[in-house]
Amino acid sequence: MDEAAERGADAIVEGTLRWSFLAPDDLEELAALREAIDYFEDPVDHRDQDAIVSDYQRDIALDGYLATVGRDRGGSIVAYAWIHPSVSPGLNGHLWLDMGVHPAARHRAIGRRLITWCITRAEEWQARRDPDAPPLWLGYLVDEKFGGLRAALAEQGFTPQRWLFDAHRAFDDEPLPLAPDVAGVRLERYRADLSEPVRLAHNSVFGVLPGAQPYTRPEWEWALGETHLHPEWSWVAREEGGLVVGYALNTVYPDDDGNTASEGWTALFGVRRPWRRQGIGTALIGASMGSFHAAGLDGAGLGIDTENPRAAERLMEHFGFAADDRVVLYARGATS
């Protein structure tokens with residue numbers, strides 16, 4: 001990339017491959033490499049050519065981009081690293097890393113050197129910015145099962161900060177666990193007039209997490225519309241003074257053929273920090289499962305985004321949920 005070269009950035013990662021900045025003509029071959037990696041590793045997030053082209057166009061529109069590809073002696077792309085600026089204007093200074101090495105080109109420490117390359121290029125990017133710009137933050141979403149990559153990130157100062165995964169439970173002949181009563185807190189079905197209090201509660205739970213930012217009112221209403229919320233299945237926990245201290249906003253997933261509704265889905269779920277460890281989350285999920293079961297659905301599912309995976313595991317164990325593969329956010333640098 002000429003612009004990167006003019007700014008002093010170097011495409012070279014190490015000496016066993018021939019490195020160059022990613023160019024538009026490379027995107028199809030990069031997609032083929034990504035397909036090979038995905039076939040071998042079976043990650044949670046698969047990347048196809050349309051997604052890669054979209055990322056390329058988006059990154060240029062946002063704040064430029066910086067990516068390098070490594071070719072073997074036959075001229076095939078067998079490794080890459082890509083630094084993505086955050087799509088959110090409110091996360092100025094946040095960069096997301098993406099990299100991969102073909103299975104046949106591994107065991108040369110290329111992956112570790114790709115991480116080093118990304119850190120160096122990101123620091124160069126930060127140095128060219130306004131001195132008053134927010135501090136640099138680097139994030140990488142990694143499948144938990146990829147122990148080698150997680151260890152390599154840890155060696156470079158990245159730490160695990162959030163765990164993201166889905167969990168499911170089919171309704172069978174087993175009785176549903178009872179949802180506890182919580183002293184000083186009452187559960188109510190969600191209503192439209194609770195949208196703003198729930199938004200504020202959600203922002204207090206998730207808007208402060210690494211790599212995240214609070215919802216504005218328009219963004220929140222758009223998100224609720226995309227969720228296709230079912231208010232009659234959704235629950236809000238309020239303390240005696242009326243403050244929303246927890247929420248479980250629910251929708252429904254169709255079956256694998258996209259036809260009949262089968263699984264109730266908790267799309268947005270959280271408990272304000274000062275009210276945790278009191279059984280509020282258990283009560284909300286229990287009420288949600290009861291609503292799904294009463295509606296004749298076949299099962300329940302929820303998306304989990306947590307800084308405390310053990311607490312999430314206890315909740316799943318209580319209700320008999322089984323989890324899908326987990327993704328871990330590894331991050332390095334300041335968030336403010």
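Does Trp-96 count as buried, exposed or partly exposed, and what is its relative accessibility? Keep that one in mind while we walk through the structure; we'll come back to it.

What you're looking at is a predicted model, so confidence comes before anything else. The mean pLDDT of the protein is 89, and 93% of its residues reach 70 or more. Confidence is highest in strand S8 (residues 235-239), with a mean of 96, and lowest in helix H1 (residues 2-6), where the mean is 48.

Now find strand S2, residues 66-71. This strand is mostly covered, with 6 of its 6 residues buried. Leu-66, Thr-68 and Gly-70 point one way, while Ala-67, Val-69 and Arg-71 point the other way.

Strand S1 (residues 18-21) pairs with S2 in the antiparallel sense, over 4 bridges. Strand S3 (residues 77-85) also runs antiparallel to S2, joined by 6 bridges. Thr-68 is a handy landmark here: Phe-21 stands opposite Thr-68, and in S3 the bridge partner of Thr-68 is Ala-81. S2 and S3 make a hairpin with 5 residues between them, and in that turn Gly-75 has a positive phi of about 90 degrees.

Next, move along to helix H8, residues 280-294. Just after the helix, Gly-296 takes a positive phi of about 85 degrees.

Keep going and you reach strand S11 (residues 299-306), which has 6 of its 8 residues buried. S11 pairs with strand S6 (residues 159-170) in the antiparallel sense, over 8 bridges. Ala-170 stands opposite Gly-299 in S11.

A pair of them is described by the distance of the centres and the angle of the planes. The count here comes to 4 aromatic pairs. In one of them, Tyr-56 and Trp-82 have ring centres 6.5 Å apart and planes at 75 degrees, so the pair is edge-to-face. This pair links distant parts of the chain, with Tyr-56 in helix H3 (residues 49-63) and Trp-82 in strand S3, 26 residues apart. Tyr-56 counts as buried at 9% relative accessibility, and Trp-82 does at 1%.

The rings of Trp-96 and Trp-137 have centres 5.0 Å apart and planes at 70 degrees, so this pair is edge-to-face. Trp-96 lies in strand S4 (residues 94-101) and Trp-137 in strand S5 (residues 137-143), so the pair ties together parts that are 41 residues apart in sequence. Trp-137 is buried, with a relative accessible area of 0%. And the opening question? Trp-96 has 22% relative accessibility, so it counts as partly exposed.

Key
Residues are numbered from 1 along each chain as its sequence is written. This is a predicted model: local features need pLDDT of at least 70, side-chain atom pairs count only at pLDDT 80 or more; totals for chains, interfaces and linings use all residues. Side-chain values use heavy atoms; hydrogens and water are left out. Helices (H or I, at least four residues) and strands (E, at least two) are DSSP runs, numbered from the N terminus. pLDDT is the predictor's confidence in each residue, from 0 to 100. Buried means under 20% relative accessible area, exposed over 50%, partly exposed in between (1.4 Å probe, protein chains only). Two strands pair if DSSP finds at least two bridges between them. Rings of Phe, Tyr and Trp (its six-membered ring) pair if their centres lie within 6.5 Å; planes under 30 degrees apart count as stacked, over 60 as edge-to-face and the rest as tilted.
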